[in-house]
Amino acid sequence: MSTQSPHTSQGQQRPVLRLQQLSRVHGSGATEVHALRGVDLDVFPGELVAVMGPSGSGKSTLLTIAGGLDTPTSGRVVVEDTDITAADRKTLAALRRRSIGYVFQDYNLIPALTAAENVALPRELDGVSARKARGEAVAALEEMELGHLADRFPDEMSGGQQQRVAIARALVGDRRLVLADEPTGALDSETGESVLALLRSRCDAGAAGILVTHEPRFAAWADRVVFLRDGAVVDQTVRSQTDSLLTGQAAEL
Amino acid sequence: MSIRHGLLALLERGPRYGSQLRTEFESRTGATWPLNVGQVYTTLNRLERDGMVAQDGEDAAGHALYAITDAGRTELKSWFGTPVDRSSPPRDELAIKLAMAVGAPGVDIRDVIQSQRRHTVKAMQDYTRLKAQALAAVEGGGPKERDDVAWLLVLEQLIFQTEAEARWLDHCEARLIRLSTAAGPGAPPVHGAPPIRDTPSVQGASSAHGASQPRRNTGPAHPARSS
């Protein structure tokens with residue numbers, strides 16, 4: 001068994017998401033709050049990046065700006081070669097529909113729609129025929145071993161199942177960027193783990209992901225953990241060159 | 001002592017020779033606590049002296065075999081039945097370091113905390129990758145399932161331990177900030193450094209990913225198995 005990414009050479013890849021010198025100021029004058037201060041971050045295909053930091057450190061602001069749901073005070077957000085900070089409303093809307101998937105802590109799925117209909121929705125909004133969208137949705141669910149949930153409504157699913165369906169919806173069609181804000185928030189730890197395992201496997205299959213979490217155990221599923229403090233990146237883990245941990249020396253003795 | 005009892009537990013499954021015991025101990029624990037053959041034989045000699053194992057002939061290849069005795073079985077049973085002592089904690093270097101960093105001149109305790117946090121979270125990332133492999137091995141079944149399950153439990157212990165440490169670090173930082181806010185500006189225990197550092201403490205932290213960062217490597221095989 002191998003966890004080898006399909007993309008072995010990150011250096012030659014374009015990032016799916018590029019944040020450049022991102023700043024966000026809320027309010028002005030005496031009440032001015034710097035939510036983000038010059039954040040740079042690239043996320044590549046196949047990469048899952050966790051963002052950690054104390055509350056108020058700017059984690060969620062970073063995610064909403066990366067997803068085009070909020071605009072930065074300065075800096076650029078580039079999603080697959082499109083600068084969304086410079087894009088017009090129509091381009092931005094299309095990009096949000098086609099390229100970016102979101103998973104939030106709650107209220108992910110539309111209660112009146114089944115799992116398959118929920119997953120099909122962004123494709124239908126994108127102009128794909130209902131029949132084709134449904135086919136894609138069922139295929140996406142099956143690929144993620146969620147096929148048995150296709151005809152269930154959200155209130156007929158557990159929280160963990162709903163979150164996994166939300167991940168399927170975030171990545172249906174050609175979407176390659178998933179932004180997850182505390183997706184395990186309301187879940188018990190084992191269910192949270194299954195949600196993370198799915199997110200991880202989607203990234204292993206080539207998607208790029210950002211996971212905002214305050215749980216170190218979930219952040220540990222990421223390739224890279226970025227630490228925010230007071231709106232700035234203060235540190236990050238660097239990926240091991242080799243999995244030297246627990247190996248090597250022991251075998252030599 | 002754990003090696004002693006570990007060997008007794010393995011011998012409970014039938015007579016074995018020294019290097020075989022070493023291999024089996026490491027398969028169970030994923031070589032987290034490597035043993036050398038010398039330690040195994042020293043321990044076997046002591047167990048023999050204490051009447052808990054006895055030499056039991058040789059196998060076809062001429063290895064001296066050891067077998068557990070009734071006294072050894074009694075000792076093993078009592079070990080499984082007795083909790084491991086947690087009332088006299090071993091010295092913890094990190095706790096000592098943070099205790100010494102409180103108010104230490106020229107030391108920003110938040111930097112100490114952050115550099116440990118990075119290290120701890122990175123260790124968790126590594127353990128988590130190994131765990132994903134162990135889990136796949138367990139779910140795949142197979143002849144070594146008992147070893148795979150044992151290894152999974154050991155790995156999860158490491159993950160829980162590092163998680164507890166990461167949470168404790170977060171807690172320390174939050175508490176120090178609360179205390180220094182309550183005490184007014186410039187007061188210890190948070191060293192008088194400004195709360196915001198613009199210079200990242202690792203190379204490339206603010207310049208997005210480190211360019212030299214490798215992609216996901218092929219994980220190791222089960223360490224005990226890669227030998």
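Predicted model: local features only at pLDDT ≥ 70, side-chain atom pairs only at ≥ 80, totals over all residues.
Me: Why are α5(A) and α6(A) called roughly parallel to each other?
Reply: The axes of α5 (residues 159-170) and α6 (residues 189-204) of chain A cross at roughly 15°. Angles under 35 degrees count as roughly parallel, and the two helices are therefore given that name. Their axes come within 9 Å, and the crossing is right-handed.

Me: Which residues of α5(A) meet residues in α6(A)?
Reply: On the α5(A) side they are A:G159, A:G160, A:Q163, A:R164 and A:I167. On the α6(A) side they are A:T191, A:S194, A:V195, A:L198, A:L199 and A:R202. The residues of this contact divide into four nonpolar, five polar and two charged.

Me: What makes the glycines A:G159 and A:G160 in this contact count as polar?
Reply: Gly is placed among the polar residues by the grouping used, so A:G159 and A:G160 of α5(A) fall in that class.

Me: How do you know that domain 1 and domain 2 of chain B are in contact?
Reply: Two residues are in contact if their C-beta atoms lie within 7 Å. Five residues of domain 1 of chain B are in contact with five residues of domain 2 of chain B. On the domain 1 side, the touching residues are four polar and one charged, with no nonpolar ones. The domain assignment gives 2-81 for domain 1 and 93-194 for domain 2, and 34 Å separate their centres, taken over C-alpha atoms.

Me: How many helices and strands does chain B have?
Reply: Chain B has eight helices and two strands, in the pattern α-α-α-β-β-α-α-α-α-α along the sequence.

Methods:
Residues numbered from 1 in each chain as written. Chains lettered and ligands numbered in written order. Axes fitted to C-alpha atoms, helices over the stretch in contact; angles between N-to-C directions. Helix = DSSP H or I, 4+ residues; strand = E, 2+ residues; numbered from the N terminus. Parallel < 35°, antiparallel > 145°, perpendicular 65-115°, else oblique. Left-handed = near helix turned anticlockwise from the far one by under 90°. Domains from an automatic or database assignment.
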